[in-house]
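This briefing is intended to be read alongside the sequence and the 3D structure. Please keep both in view while going through the points below.

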Amino acid sequence: MAEALLDVSGVTKSFGGFVALDSVNFEVRAGERVGLIGPNGSGKSTLVNCIAGTLRNERGSIRFQGQDICGYPAHRRIRMGLARSFQIPKPFASMSVLDNLCVPLLYAAPAHQGPRRVPVAEEAKHILDQVGLGDKAGAMSGGLTQVDMRKLELARAIAARPKLLISDEAMAGLSASEVDEILTLLLGLKAQGVAVIMIEHVMRAVMKFSERIAVLVAGRKIADGDPQEVVGNPEVVKAYLGE
Amino acid sequence: MSNKTFTVVALAIALALAAVTQLIPNEYFFTAAYTVLLFVILATAWNILGGYTGYVNFGSAAFFAIGAYTTVFLYNAFKAPLLVMIVAGTLTAGLAGLGLGYLTLRLRGVFFAIASLALAVVLYVFIVNWDYVGGARGAYVLQPREIPFGLPRYIHLIYSVQLVMAGLAIVVARAIEHSTIGRGLAAIRDDELAAECSGVPTLRLKIFSTMVSCALMGMAGTTFPYYLSYVEPSSAFSLSYAVYSIAMPLVGGMKSWIGPLIGAILLGSMQQLVQVMFSLGAWNLLIVGVLLVLFVTLAPNGIMGWVESWRRRKER
Amino acid sequence: MEISTALLANAIIAGLLLGGFYAAVSVGVSISFGMLDVVNIAHPAFIILGSYIAYIVNDSLGFDPIVVSLVLSPLFFLLGMALYRIYYVCFERRGQESLRGLAFFFGILFITEVVLVLVFGVDYRMVTTRYSDVTLRLGEVDFPMRLVVPFLVSVSMVIGVQLFLTHTFFGRAVLAVAQDQLALRLMGVNPVRVKELAFAISIATAGVAGAFLIVIQPVQPAIGREYIGLVFAVCVLGGMGSIWGTLLGAFVLGIAESFTSTFFGPSWAPAVSFGLLLATLAFRPSGLLGR
């Protein structure tokens, strides 16, 4: 088997006395679509933060493309092609929607993509069209609706031209049709060879999206494998439904 | 405004202001204009960190005084030429900014703000106890008898130098604003975590903008000893510099280089007017303080904010 | 220089007495900055305002300044409520506290100072009390009453604040505001209301501390600035939001300042607090008692 794109092994993180992640192992191969699920407070977001570099894990190693990235600040990781979206959208509120995308296009994408072939604004517009925000390019990002903010959040992550994109609950609170929109968007990334980790509570979306599902409960990974098998796993059922 | 228009307009204004040295005989005009230009530099410099990056610097007076006291030191030590003093003062202030930024910009923004204020007091105490630069008594820096470029009086030279420096500050601020760095700074101001996660090296950019901003404030201070021929710590470290440098961008608008310029010209001219009318400095400071509070609460985007929303309404 | 035990003992006692006063000066910021996350750099302005009010009443009616300040503290409480209202509506609610909120408080600080200059001028004002010129001597150590009285009231006030915060429902709500606003809402407590009242308390302590200040030394409008660094130094040094930490930080700073004045000369003293602040920020930003 080829080397994994992302290789998390033995990662542990605690806050004070609370152990949020307890030696978690987790792998993603290039172009793979992985669902990461688990009840609230199970450590999903902490894991994302450790991988993206906004939190530092105490033990364990995180390797991206074979390189140990544990000591790297977040901006360096995204420049290597490891992008994430935020659960609560964090737009650059004083900028237009288009300018929001220019930030990663200018700062992250060139680092691993080499010199630019098309002008930044054009590339940004292209991504906006792709996520369905093309007509809002000139609008101020602070005034967008919830769905559009989620789309912008994903678009900005895509603009970093990542090899791995972590989508952190991009669909929470959206209607069924809106969920489908975002799902189509994420599925489209497969064609570009982007691996995606989808963290989600909307099970319908996770099942439809994932080639593989990993389950975190109380900071431990209790299952990892084929979606159908994982959902049938008695331990997973117990964790979700209680005794 | 395109680069071409900016260059043409800026050159025209600069030439007009330079020609003034030959046309206006009244020396008071230059004293007043010096102060306004000083304010332009301070406001523009402050805004590079405050407006573009979103970090409040309360230590404007400290960096201004670093510039002024570099001049005093070089005057006492070597009688160095003015240009050397300007360069040295700018660099020293920039280094101080770099140090302060390196120590505190890893922490939350408020710590930087408080530390900048603290730096002002530490430096003040340091200068008061440093006899070589005059200590608490202050130091005399005599204007040279020979005035270059055939200018009639020394104040004309100081005014012209200040004019060039103000122009430089604006050009630097504008260049940063329109560059990739400027976009990164704006991202930091809007959401630092999201900026970092978009690939912006936030710490490095913050330190950079602190350094540039502080260096320009130091530059503004280098001519100050020659302006009065005399410097003492409490005038060089006056808190009013800090208040003015914050108030002017807030009144003018902080998003672009033009805001601080407008704010500085408005508040600077107003200050001169009030000075003439009441000849009481405290009223000036009161007005600036009140304007600062009024604008920050009622018109947080300043005058340029009004202009922008008025433009947008017109477009519709 | 020969360092005599008497000199040393006097420096330590003077430092402790000063430290007690610094605790009163800083406890308000410990609440507003440490617990409520409101960076009120105008805090020293209210201290000076307190000094002047104590001065006016003392000067015209002859009442003891500290008693006056305690009686009038509800006024400062109301002032604090009003100020927080403005701050909340204009900045906190809009998420603009970091830049504009700071500038706002800076403006308030400046306005207060200038108004005091316009009304009272830049002369130093002082008060006289029955204990102003009394000094107790124990062995070779001096206990000047103008320091001892503020010290005692101040330490009691700080301990009172700590007990209030840990032993009342409202106090625990204040402590929770910084941690978990949602939990407060679920308990039916309005976090904004809690912050408003807590901020009011912090301003009330500033008013009282102002009376201590003018008992200890003559006051003029501009000296408020010297306390900006001091209050934040004490807060950060002690560990954000910890009242015991504030008390400890105040004593450390008091002793450091007293040693500096004794051994290097009083003109260096103001640099101590700021130096300590910069050093703490650089090397141990979580403070002495912080995690």
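How many bridges join strand β3 of chain A to strand β9 of chain A, and in which sense do the strands run? The model is predicted, and in it 4 bridges join β3 (residues 33-37) to β9 (residues 212-217), the two strands of chain A running parallel.

**Strands of chain A**
- In the pairing of β3(A) with β9(A), A:Ile37 stands opposite A:Val215.
- β9(A) also pairs with strand β10 (residues 220-225) of chain A, in the antiparallel sense and over 5 bridges.
- Within that pairing, A:Val217 is opposite A:Arg220 of β10(A).
- The hairpin of β9(A) and β10(A) has 2 residues between the strands, and A:Ala218 takes a positive phi near 50 degrees there.

**Helix α12 of chain B**
- Helix α12(B) covers residues 239-252; at 1.5 Å a residue its 14 residues should span 20 Å, and its end C-alpha atoms are 20 Å apart, in agreement.
- Because 13 of its 14 residues are buried, α12(B) is largely enclosed by the rest of the structure.
- B:Gly253 follows α12(B) and has a positive phi, near 120 degrees.

**Contact between chains A and B**
- In chain B, 18 residues are in contact with 22 residues of chain A.
- On the side of chain B that touches chain A, the elements giving two or more residues are α7 (180-190) and α8 (192-196) of chain B.
- α7(B) gives the most to this side, with 6 residues.
- By type, the residues of this side of chain B comprise 8 nonpolar, 5 polar and 5 charged.

Notes
Residues are numbered from 1 along each chain as its sequence is written. Chains are lettered from A and ligands numbered from 1 in the order in which they are written. This is a predicted model: local features need pLDDT of at least 70, side-chain atom pairs count only at pLDDT 80 or more; totals for chains, interfaces and linings use all residues. The expected span of a helix is 1.5 Å times one less than its number of residues. A residue is buried if 20 or more other C-beta atoms lie within 10 Å of its own, exposed if 12 or fewer, and partly exposed in between; C-beta atoms are placed from the backbone. Two residues are in contact if their C-beta atoms, placed from the backbone, lie within 7 Å. Ala, Val, Leu, Ile, Met, Phe, Trp, Tyr, Cys and Pro count as nonpolar, Asp, Glu, Lys and Arg as charged, and the others, Gly among them, as polar. Two strands pair if DSSP finds at least two bridges between them.
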